[in-house]
Amino acid sequence: MAPRGTPRIFISAAEPSGDLHGAGLVQALLQRFPGATIEALGGAEMRRAGATIRYPMEGLAAFGVVEVVPKVRAHYQLLRSLQKDLKVGRYDVLILIDYPGFHLRLAEAAHRAGTKVLYYIAPQLWAWRPERARRLAAAVDRLAVVLPFEREFFEGLGLRSDYVGHPLVDRDLHIPREQARAQLGVPPGSRLLGIFPGSRTQEIRRLWRPFREAAQLLLKDGSCDRVMVAGTRDGSYPNPGPLEIVRDEPVTLLAAADAALVKSGTTTLEAALAGTPMVVAYKVHQVSWAVFQRVRTVRWVSLVNLVAGREVVPEVLQQQASAEELANQLRPLLEPANPRTVAQREGLAFVRNRLGLPGASTRVAEILAELLEDSR
């Protein structure tokens, strides 16, 4: 449908990282298209950036075959509502941010309705569901990818793709170490371990115990002096003992920490940008893990290793993610001169260089301008 006047845009971001990246995009779109109507499925970050949150994202996010089951009804109701919006031509363009399962169905609904679709932050179908990539290619008009190797994969399926760089580079993630430590009350010379168990309730529930117990082992044997946990505003962290819960300060904690235990996901790239040595861990339901193992097509799980094309950070996954193994992997990283720490810092610098230059959101706004112009 050809736009009339300023564009009518819907952005769908169903989890916290998407809300964060969507906020930068909203700002870029409003600069590129003053007066544009931007409605969204999102959260507080996109609202603050200037979008009208028509559908709150809270409670939707889940990862894993079993974990998503309780969310099915909410996703179905949301999809039905958005299908109605698309059928009546409420929007000129639909922008989808990550979150593959739901967004693939939404893209197909938009395609049937004749609404242009721009997908920003491609779903990692190359990693575990390459057959779904053909469905994506049939439903999406343009794709803005944020990892350097993704463009070739999707272009091979006939989907016009542009590498825009990673939006994390746009954020001011650099906080001087001394400033971050002072802000958190960490004295010079104190060895600080940062714990990042994720933002989803299911993730925290599954990872909290081994993360907590690994940290307690490191405190007990003197490998670190303090442990701080990057807590969410409403997250529950039972029986923390000597672990200190620091809410809504993940960037500061990454800058201050000597090493970090990080849930697999976007936070691993944030740690790479901060130059913080890390161990990456993840656990899902056993059925979800069995399915993932059958369909995965990549050697590594963490984004850091995928971007590097080699192992830069250790990955401790599923049943291997015991407190003892996590502690064993973290212990050398708490020693700045340890060869493993030095080698990892060099690898993280390589990853930072591969994430591209600032301006990802601005480049996505220009792609949207091209897409709207093509539809005239």
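A residue is called buried when its relative accessible area is under 20%, exposed when that area is over 50%, and partly exposed in between. The exercises below apply this to salt bridges in a predicted model.

**Exercise 1.** Work out which elements are joined by the salt bridge between Lys263 and Glu203, and how accessible the two residues are.

*Solution.* The closest N and O atoms of this pair are 3.4 Å apart. Lys263 belongs to strand E11 (residues 259–263) and Glu203 to helix H9 (residues 201–220), so that the bridge links parts of the chain 60 residues apart. With 12% relative accessibility Lys263 is buried, and Glu203, at 5%, is buried as well. Finally, Lys263 and Glu203 belong to a network of salt bridges that also includes Glu15 and Arg200.

**Exercise 2.** Describe the setting of the salt bridge between Arg32 and Glu366.

*Solution.* The side chains meet at 2.9 Å, N to O. Arg32 is in helix H1 (residues 16–32) and Glu366 in helix H16 (residues 360–374), 334 residues apart. Arg32 is partly exposed at 35%, and Glu366 is likewise partly exposed at 35% relative accessibility.

How values were computed: Residues are numbered from 1 along each chain as its sequence is written. This is a predicted model: local features need pLDDT of at least 70, side-chain atom pairs count only at pLDDT 80 or more; totals for chains, interfaces and linings use all residues. Side-chain values use heavy atoms; hydrogens and water are left out. A salt bridge is a side-chain nitrogen of Lys or Arg within 4 Å of a carboxyl oxygen of Asp or Glu. Helices (H or I, at least four residues) and strands (E, at least two) are DSSP runs, numbered from the N terminus. Buried means under 20% relative accessible area, exposed over 50%, partly exposed in between (1.4 Å probe, protein chains only).
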